[in-house]
Amino acid sequence: QVQLVESGGGLVQPGGSLRLSCAATGNIFSIYDMGWYRQAPGKQRELVARVTLGGSTNYADSVKGRFTISRDNAKNTVYLQMNSLKPEDTAVYYCNVEVLPYSKILLNIWGQGTQVTVSS
């Protein structure tokens, strides 16, 4: 079994910052791509940022220059540093990880989601 544990969401004023964390635990042989997605009320889930095992990153245009994704392979953890937050960043943020357990069957796993609310 592989599980993702997210943390770091909350309420922040416009212009503020938050840092999300997502740790993968369990039967893990290797982790490939790690990413963050978000879903606002009434909208589809969308990619925020992804990072490969080698450290290559890609971002949604709407967050470029404000958000930074990073990973700590020793801790099986991915982070999302969010700066200059705007009300339109309000959403539930989901961690997504490609995991190869010792069974060698590749899994695509989602976290439980963490609420980020940007409001004055």
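Buried means under 20% relative accessible area, exposed means over 50%, and partly exposed lies in between (1.4 Å probe, protein chains only). At 45% relative accessibility, Phe29 therefore counts as partly exposed. This is a predicted model: local features need pLDDT of at least 70, side-chain atom pairs count only at pLDDT 80 or more, and totals for chains, interfaces and linings use all residues. Residues are numbered from 1 along each chain as its sequence is written, and side-chain values use heavy atoms, with hydrogens and water left out.

A search of the whole structure finds 2 aromatic pairs. Rings of Phe, Tyr and Trp (its six-membered ring) pair if their centres lie within 6.5 Å; planes under 30 degrees apart are stacked, over 60 edge-to-face, the rest tilted. Phe29 and Tyr102 have ring centres 5.5 Å apart and planes at 75°, so they pair edge-to-face. Phe29 is in the loop between β3 (18–26) and β4, Tyr102 in the loop between β9 (91–100) and β10 (107–110), 73 residues apart. Tyr102 counts as exposed because its relative accessibility is 55%.

Now the other pair. Tyr37 and Trp110 have centres 5.0 Å apart and planes at 65°, so this pair is edge-to-face. Tyr37 lies in strand β4 and Trp110 in strand β10, 73 residues apart. Tyr37 is buried at 18%; Trp110 is partly exposed at 37%.

Charges also meet these rings. A charge sits over a ring if NZ of Lys or CZ of Arg is within 6 Å of the ring centre and within 35 degrees of the ring normal. Lys104 lies over the face of Phe29, 4.2 Å from the ring centre. The charged end of Arg45 sits over the ring of Trp110, 4.6 Å from its centre.

Key:
Helices (H or I, at least four residues) and strands (E, at least two) are DSSP runs, numbered from the N terminus.
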